[in-house]
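Work through the exercises below with the model open beside you. Try each task before you read its solution.

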Amino acid sequence: MSAPAPDPRHRLLKRHARNPLLSAFDWPYFINTVFNAGAVRLPSGETLLLCRVEDCSGRSHLCAARSADGVKDWKIDSTPTLLPDADNHPEELWGLEDPRVVWVPELESYAVTYTCYSPQGPGVSLALTKDFQTFERIGNVLPVENKDASLLPRRFDGRWAMIHRPAPQTGRAHVWISFSPDLKHWGDHRVLLEARHGPYWDAEKIGLCTPLIETSQGWLMTYHGAHTTVGGCLYRIGLALLDLEEPGKCLLRSTRWMFGPETDYERVGDVGDVVFPCGYVIGKDGDTLYLYYGAADTSIALATGSIRDMLDWLEEHSSPGGTATI
Ligand code: BMA
């Protein structure tokens, strides 16, 4: 009997043998879970993860963990790195979630977008930092209900651009792009990628995963599809490619997912069947993607793959543009 054909889902990303890399047991203070982390490589060469930490009240804050090789020997801040500041920012009363971090050369700062959660619902906040110790809050830049946001690292025709995912009361939740002259006031809102209909893995509700990945062919976008079944929701990851100079234009979009929950630590946890990447770093070869993802809303795991292979795969398994047509 011939060997079965390789499953294309396994081709692009390889789970690290030490997964999960970080969980509540590693934390220097008592927490419930740690997951969904933004990631950057610092000038020192260290990888920094800005992790979403859920405490035992159920609210989340952000905490930084640093490692020389991005895999082990994490040095974790001994106290929370960024806590809600509900006195000055009531939109943060119920916590800070799912940070995405981008280095912005013009500002000589990292831009951190995160979900600010309050009784009004989830919204998008933006803060700047140079050192992950002090943060300058720009504030609640996109109101409820909205999440899954990341700033692009430079301006386009003089304007900043942000990808995000408003959630309407009824109907499908799409990925949008908006523009701003000053990082504070956002407008020119446009749908960028539509959630599909029907049985598809990315029907009804989708959202940005990591910040965009700049390639010579365009901005490579990782996005999640939250597929609702009678057994619950399945979070899986697919790809899209945006125009390099006009990121509001979607060139390609994958018809299938490239990564989904399979292992025990992804399938079982506080919220099972969830892989949720919020950050990446790129290897010294300029091609290896280190994708950090939350697993089952309980731990942080790592998968690696080649950006070149992902672009080839996207070309092979894509429908043009960002519309819902398959
Ligand atoms: C999404 C976000 C994520 C979470 C996921 C699965 O809506 O809130 O923070 O990981 O649900 O629970």
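The exercises cover the ligand site, several single residues, the cysteines and some backbone features.

This is a predicted model, in which local features need pLDDT of at least 70, side-chain atom pairs count only at pLDDT 80 or more, and totals for chains, interfaces and linings use all residues. Residues are numbered from 1 along each chain as its sequence is written, and side-chain values use heavy atoms, with hydrogens and water left out.

**Exercise 1. The ligand site**

Task: List the residues around the ligand, then sort the shell into nonpolar, polar and charged.

Solution. Step one: apply the cut-off. A residue is near a molecule or strand if one of its heavy atoms lies within 4 Å of it. The residues around the ligand are Asn-36, Arg-52, Asp-98, Lys-147, Tyr-235, Val-271, Val-274, Phe-276 and Asp-297.

Step two: sort them. Ala, Val, Leu, Ile, Met, Phe, Trp, Tyr, Cys and Pro count as nonpolar; Asp, Glu, Lys and Arg count as charged; the others, Gly among them, count as polar. The shell divides into four nonpolar, one polar and four charged residues.

Step three: look at ligand oxygens. A polar side-chain atom of Arg-52 lies 2.7 Å from one oxygen atom of the ligand. For Asn-36, the distance from a polar side-chain atom to a ligand oxygen is 3.0 Å. For Tyr-235 it is 3.2 Å. The ligand taken alone exposes 310 Å², and the protein buries 85% of that (Shrake-Rupley method, 1.4 Å probe).

**Exercise 2. Thr-222**

Solution. Step one: find the element. Strands (E, at least two residues) and helices (H or I, at least four) are DSSP runs, numbered from the N terminus.

Thr-222 is buried, at a relative accessible area of 0%. Buried means under 20% relative accessible area, exposed over 50%, and partly exposed in between (1.4 Å probe, protein chains only).

Step three: find the partner.

**Exercise 3. Leu-314 and Lys-75**

Task: Is each residue buried, partly exposed or exposed, and what does it touch?

Solution. Step one: take Leu-314. Its place is in helix 2, residues 307–316. Leu-314 has 0% relative accessible area, so it is buried. Contact means heavy atoms within 4.5 Å. Leaving aside neighbours within four places in sequence, the contacts of Leu-314 include Leu-220, Leu-239 and Leu-252. Leu-241 is 73 residues from Leu-314 along the chain, and their C-alpha atoms are separated by 8.2 Å.

Step two: take Lys-75, in strand 5 (residues 75–76). At 49% relative accessibility, Lys-75 counts as partly exposed. Not counting residues up to four places away in sequence, Lys-75 touches Glu-46, Ala-64, Ala-65 and Arg-66. A polar contact of 2.6 Å joins the side chains of Lys-75 and Glu-46.

**Exercise 4. Cysteines**

Task: How many disulfides does the structure hold, and why is Cys-250 in none?

Solution. Step one: recall the bond. A disulfide is a covalent bond between the sulfur atoms of two cysteines. Here it is a pair of cysteine sulfur atoms within 2.5 Å.

Step two: count. The structure holds zero disulfides.

Cys-278 is in no disulfide either; its nearest cysteine sulfur, that of Cys-209, is 7.4 Å away. Cys-278 is buried at 0% relative accessibility.

**Exercise 5. The backbone**

Solution. Pro-20 is in the loop between strand 1 (14–15) and strand 2 (33–41).

Ala-296 has a positive phi of about 50°, although it is not a glycine. Ala-296 counts as buried, at 0% relative accessibility.

Methods. A polar contact is a pair of N or O atoms within 3.5 Å; within protein, one must be able to donate a hydrogen and the other to accept it, and residues adjacent in sequence count only if both atoms are side-chain atoms.
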